[in-house]
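These are my notebook entries on one structure, kept in the order in which I looked things up.

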Amino acid sequence: MTQPNLYSFSQQLLIEKPPILLDTIRELVSNTLAPFQQDYCYWPWTKIGTAAIVCIGSYSLYKYLPGCYRRYYMSSTKKFSQRYNQALHLEKEALFNELKTVKTREDGRKLQVLEIGAAHGANMPYYPRHLVEVICVEPVREFVTYLRETLQQNPHVKCRELLVGNAENISVIRDNQVDAVVSTLTLSSCRDVDQVLSEIRRILKPGGIFIYMENIHSSNAFIALLQFICSPIYRFLFGISLVRNIPEHIERAHFNGGITQRIFIVHGISFLLSPHVSGIARK
Ligand SMILES: C[S@@+](CC[C@H](N)C(=O)[O-])C[C@H]1O[C@@H](n2cnc3c(N)ncnc32)[C@H](O)[C@@H]1O
């Protein structure tokens with residue numbers, strides 16, 4: 001009688017285990033995805049992924065970048081203005097003291113002053129004590145919080161209003177309404193200098209003054225060239241143009257009462273911004 005062959009298995013015999021919940025879920029998911037994997041496996045997933053990332057990225061930039069940029073712009077403007085005030089302290093003091101020379105018709109009435117591009121109120125400490133009422137014009141609404149802080153620190157200045165908008169159009173102010181207009185580094189920041197100057201002349205009372213302090217295009221050919229090259233970067237980072245010939249614009253604006261101005265170099269700030277003009281134009 002032949003003996004049956006006995007085979008020994010090196011591998012363990014697989015004994016089917018009862019399915020656990022995780023396996024059931026895994027199976028369900030893979031069964032659900034199976035037809036998609038077959039149908040869409042030839043799609044250019046890398047390109048679709050790249051397009052999706054570009055779309056989501058562009059949308060996020062469009063939605064969140066302006067806010068980030070504004071916050072950056074406000075803080076850089078504030079830091080810059082502090083350094084600027086240190087470098088130009090004496091010049092600013094002398095310039096703002098000119099406000100004391102403006103006569104008001106009614107005794108005891110405060111001077112009505114309009115400041116364009118007031119930002120966070122860098123000029124508030126320079127207004128003569130208890131003599132002026134300021135109306136601020138500023139296109140960046142968010143500066144108002146900083147401006148309030150500055151006004152609390154300078155209670156000698158009364159700020160009557162903050163007008164949010166561009167100085168190219170201040171139609172809310174009637175002709176011949178204010179005693180003085182102030183601009184520091186704003187003619188070099190606004191879009192249309194001639195239009196701003198025409199608005200300033202319109203709202204000034206006869207005998208009123210426009211006081212200004214602005215960076216200008218250098219008369220030195222080498223620095224002028226560097227300013228020309230760097231101006232777009234400055235415009236983007238600080239909103240300031242380096243290549244404006246402000247004295248020429250003021251000359252063209254026909255201030256009938258005459259212009260007194262001084263062109264000078266400021267020490268202690270970037271040499272690209274250092275060529276300056278400050279002055280008074282009278283209506
Ligand atoms: C370089 S900052 C100078 C801020 C401040 N005047 C100073 O001296 O520190 C220029 C300011 O002008 C404002 N500005 C820009 N374009 C303007 C416009 N078209 N009308 C009025 N203000 C403008 C900016 O928002 C900014 O606050």
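**Entry 1: I263 and the model**

I began with I263, which is found in strand β6. Strands (E, at least two residues) and helices (H or I, at least four) are taken as DSSP runs, numbered from the N terminus. The model is predicted: local features need pLDDT of at least 70, side-chain atom pairs count only at pLDDT 80 or more, and totals for chains, interfaces and linings use all residues. Residues are numbered from 1 along each chain as its sequence is written.

Is I263 buried or exposed, or does it fall in between? I noted 13 C-beta neighbours inside 10 Å, so I263 counts as partly exposed. For this term I used C-beta atoms placed from the backbone: 20 or more others within 10 Å make a residue buried, 12 or fewer make it exposed, and partly exposed lies in between. I263 touches P247 and V277, not counting residues up to four places away in sequence. Contact here requires C-beta atoms, placed from the backbone, within 7 Å. I also looked up the pair I263 and K283: they are 20 residues apart in sequence and 21 Å apart in space, C-alpha to C-alpha.

**Entry 2: The sheet**

Next I traced the strand order. Seven strands form an open sheet in the order β3-β2-β1-β4-β5-β7-β6, with mixed pairing. Two strands pair if DSSP finds at least two bridges between them. The edge strands are β3 (158–164) and β6, each pairing on one side only. Neighbouring strands of this sheet are turned by 15 degrees against each other on average, direction ignored. Axes are lines fitted to C-alpha atoms, for helices over the stretch in contact, and angles run from 0 to 180 degrees between N-to-C directions. Helix α3 (residues 89–97) packs on the sheet and touches β5 and β7; its direction makes about 175 degrees with that of β5.

I then listed the pairings with a partner for each.

- β2 and β3 pair in the parallel sense over six bridges; the partner of C136 in β3 is L162.
- Strand β4 (residues 178–184) and β5 also pair in the parallel sense, over six bridges; A180 stands opposite I209 in β5.
- β5 (residues 204–215) and β7 run antiparallel, joined by seven bridges; F210 stands opposite A281 in β7.
- β6 (residues 258–265) and β7 run antiparallel, joined by eight bridges; F264 has H276 as its bridge partner in β7.

How many residues of β7 are buried? Seven of the eight residues of β7 (residues 275–282) are buried, so this strand is largely enclosed by the rest of the structure. Nine of the twelve residues of β5 are buried, so β5 is likewise largely enclosed by the rest of the structure.

**Entry 3: The nonpolar core**

I looked up the largest nonpolar core and found that it has 47 residues. Such a core is a set of buried Ala, Val, Leu, Ile, Met, Phe, Trp, Tyr and Cys residues joined through C-beta atoms within 7 Å. V113, A180, V181 and F210 have the most contacts inside this core. β5 gives the most to the core, with six residues.

**Entry 4: R201**

I placed R201 in helix α5 (residues 193–203). With 18 C-beta neighbours inside 10 Å, R201 counts as partly exposed. R201 touches A253, F255 and K283, not counting residues up to four places away in sequence. R201 and F255 are 54 residues apart in sequence and 7.2 Å apart in space, C-alpha to C-alpha.

**Entry 5: Two positive phi values**

Most residues other than glycine have a negative phi. I noted two residues with positive values. A119 has a phi of about 50 degrees although it is not a glycine; it is found in the loop between β1 (111–116) and β2. A119 is buried, with 26 other C-beta atoms within 10 Å. Phi of H254 is near 55 degrees, and H254 lies in the loop between α7 (246–252) and β6. H254 is exposed, with 11 other C-beta atoms within 10 Å.

**Entry 6: The ligand shell**

Which residues are closest to the ligand? I found 23 residues around the ligand, and the closest are S81, G117, A119, T184 and C190. A residue is near a molecule if its C-beta atom, placed from the backbone, lies within 6 Å of it. α2 (45–87) and β2 (132–138) each supply at least two residues of the shell; the largest share, three residues, comes from α2. By class, the shell has twelve nonpolar, eight polar and three charged residues. Ala, Val, Leu, Ile, Met, Phe, Trp, Tyr, Cys and Pro count as nonpolar, Asp, Glu, Lys and Arg as charged, and the others, Gly among them, as polar.

Conventions: Two residues are in contact if their C-beta atoms, placed from the backbone, lie within 7 Å.
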